Amino acid sequence: MLRRLAMPLVSPFRTSLGVEAARDVLLVQMEGPDAVGWGECVAMSEPLYSPEYVEGAHAVIRSHLLPRLQRRRGQLLADEVAPLLSAVKGHQMAKTALEAAVLDADLRAAGVSMASHLGGVRDRVGAGVSVGITATIDDLLETVAGHVEAGYLRIKLKVEPGWDVEPLRAVREHFGYGLALQVDANAAYTLGDAGHLSKLDEFELVLLEQPLRDDDISGHAVLARKLRTPICLDESITSAAVALDAIDRGACAIINVKAGRVGGYLEAKKLHDCCFERGVPLWCGGMLETGIGRAANVALASLPGFTLPGDISASDRYFRRDITEPFVLRAGHLVVPQGPGLGVTPDLEVIDEVTTFKEEIIWQVT
Ligand code: OSB
Ligand code: MG
């Protein structure tokens with residue numbers, strides 16, 4: 001079954017791409033032979049972060065992806081999902097949701113947690129928080145203060161031309177240089193801004209995330225040589241192979257890993273293994289996920305190469321009520337679920353309350 005949910009955010013989230021007031025979630029609920037598996041599609045409502053968007057993901061799943069999986073009706077394994085879907089170009093977020101649902105169903109039936117299946121080595125993961133662009137610097141300082149008091153291990157500020165040096169100076173003056181601080185531009189700058197971006201070096205940031213366009217690997221390599229601040233890529237990294245190419249070309253020193261952006265948790269694991277081998281630090285990104293996607297991200301972040309705190313915050317940073325048991329912050333960390341599959345239980349009553357559309361697909365992994 002495919003479901004669309006409307007989940008109001010506790011506060012609007014503004015980035016260089018636009019403002020998000022509610023999360024329009026697409027969920028895949030797959031009836032396996034022995035268990036129900038869940039996958040969350042992280043596409044946003046508009047194609048601004050990436051070419052994918054919720055309506056489009058829904059359509060491509062229904063018309064092009066599920067039919068390719070149905071040919072393997074029988075015993076579809078999670079490992080087979082990506083190869084079966086590879087003829088369809090792009091649509092990584094849609095593919096990820098399907099693979100995640102199959103994987104969750106398999107693992108729940110087998111009694112194995114996602115974290116142990118992926119090779120997790122930690123029972124809790126460091127939590128960071130992504131702070132949107134605010135109306136005023138005072139609003140920003142107040143928001144950051146709340147997150148610091150809550151115990152988040154690092155703060156990420158969204159930046160854009162006109163909202164970078166000033167807010168960073170204010171945050172450093174107010175909270176000092178002991179605070180782990182990084183910024184995310186969501187591709188809002190050009191190479192012509194290199195001189196301006198070098199002013200960020202004085203703020204001793206952990207990293208500068210995706211300053212330039214998604215397709216500009218060589219531009220990032222040029223920029224990286226002009227800045228002291230390490231460059232981290234998000235939007236540009238669409239597969240493990242692209243990650244290795246970007247690293248080899250000196251375009252980034254750190255990678256933000258989002259399974260939805262690379263086409264699945266298994267591809268994300270592959271990317272992890274290559275980067276871990278090369279000593280490239282990783283952290284797990286986020287896309288304002290519900291408890292379902294968050295559980296999978298927390299499992300991924302428990303792998304050994306995830307050495308920096310991720311954008312995996314507690315449920316209450318996003319939603320008043322989550323659709324699984326909430327993830328809570330404990331001494332700056334989230335606990336990795338150890339139960340079978342995702343290790344969290346989707347609350348069907350809550351899910352039904354926020355469901356705006358349901359589509360039953362005649363599809364059974366039997
Ligand atoms: O660029 O990392 C991003 C949210 C939606 C789309 C893109 C991004 C983000 C975030 C939020 O930064 C991270 C989170 O889920 O907390
Ligand atoms: Mg980002």
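Tutor: Of the 16 residues around ligand 1, D184, N186, K258, L288 and Y318 come nearest; a residue is near if one of its heavy atoms lies within 4 Å of the molecule. Before we go on, this is a predicted model, where local features need pLDDT of at least 70, side-chain atom pairs count only at pLDDT 80 or more, and totals for chains, interfaces and linings use all residues. Residues are numbered from 1 along each chain as its sequence is written, chains are lettered from A and ligands numbered from 1 in the order in which they are written, and side-chain values use heavy atoms, with hydrogens and water left out.

Student: Which classes of residue make up the shell around ligand 1?
Tutor: Seven charged residues, six nonpolar and three polar. Here Ala, Val, Leu, Ile, Met, Phe, Trp, Tyr, Cys and Pro count as nonpolar, Asp, Glu, Lys and Arg as charged, and the others, Gly among them, as polar.

Student: And where does ligand 1 lie relative to domain 1 and domain 2?
Tutor: Between them, because domain 1 (2–111 + 348–359) and domain 2 (116–335) both give residues to its shell. Those bounds come from an automatic or database domain assignment.

Student: How far is an oxygen atom of ligand 1 from the side chain of Y318?
Tutor: It is 2.6 Å from an N or O atom there, a polar contact (a pair of N or O atoms within 3.5 Å). The protein covers 98% of the 380 Å² of accessible area that ligand 1 has on its own, by the Shrake-Rupley method with a 1.4 Å probe.

Student: Is Y318 itself buried or exposed?
Tutor: Buried, with a relative accessible area of 4%; buried means under 20%, exposed over 50%, and partly exposed in between.

Student: New topic: what lies over the face of W283?
Tutor: R154, at 5.0 Å from the ring centre. The rule asks for NZ of Lys or CZ of Arg within 6 Å of the ring centre and within 35 degrees of the ring normal. R172 lies over the face of Y177, at 4.7 Å.

Terms used:
Buried < 20%, exposed > 50% of the residue type's maximum accessible area, 1.4 Å probe, protein only. Polar contact = N/O pair within 3.5 Å; in protein donor to acceptor, adjacent residues only side chain to side chain.
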